[in-house]
Amino acid sequence: KTIFISLDPEHDTVDKIKEYVQYYHGSFIGATVDAAALKKIAKRYGVHYHRVNSNNKKVNLIDHSAYFYVIDSKGDLVKTMPHDVDSKAIADTVKDNIPSEK
């Protein structure tokens, strides 16, 4: 499964996240957590993010690392892959590193 976790729990509602993940793929699962939990998750997987100050109050920007994080069923990080990696490379990484469920 591919899970998209919002890095802006202050502003991203469940409905906004649902809409946003559709831009990537209909099978993606959107998720949000409170700021404290997000900080723990980010630290565990090496995700870097911060709010960008903007003069426009209507614009909300978060600068963040841009990787796919391949995580096994125990929650351990298997590999990070750049955001522009092709889908075959992701599939191969998952196939080679994560046992299939039977």
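**Surface, fold and core**

Tutor: The accessible surface of the protein comes to about 8,200 Å², and carbon and sulfur atoms hold 53% of that area. The model is a predicted one.

Student: In what order do helices and strands follow one another along the sequence?

Tutor: The protein has three helices and six strands. Its C-alpha atoms fill a box of roughly 50 × 25 × 25 Å along the principal axes. Read along the sequence, the order is β-α-β-α-β-β-β-β-α.

Student: What percentage of the contacts with a separation of 6 or more comes from residues 24 or more positions apart?

Tutor: The protein has 102 residues, of which 17% count as buried. For the contacts with a separation of 6 or more, the part that joins residues 24 or more positions apart is 38%.

Student: Which residues make up the largest nonpolar core?

Tutor: In soluble globular proteins, nonpolar side chains tend to be buried together. The largest nonpolar core has five residues: L7, L38, A42, Y45 and V47.

Student: Why do the buried residues of helix α2 lie on the same side of the helix?

Tutor: Helix α2 spans residues 35-45, and its buried residues are L38, A42 and Y45. They lie on the same side of α2 because the arc they cover around the axis is only 80 degrees. An α-helix has 3.6 residues a turn, so residues three or four places apart point the same way. The value that settles the matter is the arc of 80 degrees.

Student: Which exposed residues does the opposite face of α2 carry?

Tutor: The buried residues of α2 are covered by elements including β1 (3-5), β3 (49-52), β5 (67-71) and β6 (77-82). On the face turned away from that buried side, the exposed residues are A36, K39, K40 and K43.

Student: Which residue caps the N-terminal end of α2?

Tutor: After α2 comes G46, with a positive phi near 75 degrees. At the N-terminal end, a side-chain oxygen lies 3.1 Å from the backbone nitrogen of A36, and the capping residue that supplies this oxygen is D34.

Student: Is D8 buried or exposed?

Tutor: D8 lies in the loop between β1 and α1 (14-21). Not counting residues up to four places away in sequence, D8 touches R51, N60 and I62. Buried means a relative accessible area under 20%. The value for D8 is 4%, so D8 is buried.

Student: Is N53 buried or exposed?

Tutor: N53 lies in the loop between β3 and β4 (61-64). The C-alpha atoms of N53 and M81 are separated by 28 Å, and the two residues are 28 apart along the chain. A residue counts as exposed over 50% relative accessible area. N53 has 77%, so N53 is exposed.

Student: What kind of aromatic pair do Y20 and Y24 form?

Tutor: The structure holds six aromatic pairs. In the pair of Y20 and Y24, the ring centres are 5.5 Å apart and the planes stand at 75 degrees, so the pair is edge-to-face.

Student: Which residues form the aromatic cluster that includes Y20 and Y24?

Tutor: Y20 is partly exposed, with a relative accessible area of 39%. Y24 is partly exposed as well, at 47%. The one cluster to which they belong consists of F4, Y20, Y23, Y24 and F28.

Terms used
Residues numbered from 1 in each chain as written. Predicted model: local features only at pLDDT ≥ 70, side-chain atom pairs only at ≥ 80, totals over all residues. Heavy atoms only, no water. Core = buried A, V, L, I, M, F, W, Y, C linked by side-chain atoms within 4.5 Å. Buried < 20%, exposed > 50% of the residue type's maximum accessible area, 1.4 Å probe, protein only. Helix = DSSP H or I, 4+ residues; strand = E, 2+ residues; numbered from the N terminus. Arc of directions from axis to C-beta. Contact = heavy atoms within 4.5 Å. Polar contact = N/O pair within 3.5 Å; in protein donor to acceptor, adjacent residues only side chain to side chain. Areas by Shrake-Rupley, 256 points an atom, 1.4 Å probe, with all protein chains shown as cover. Phe/Tyr/Trp six-rings, centres within 6.5 Å; stacked < 30°, edge-to-face > 60°.
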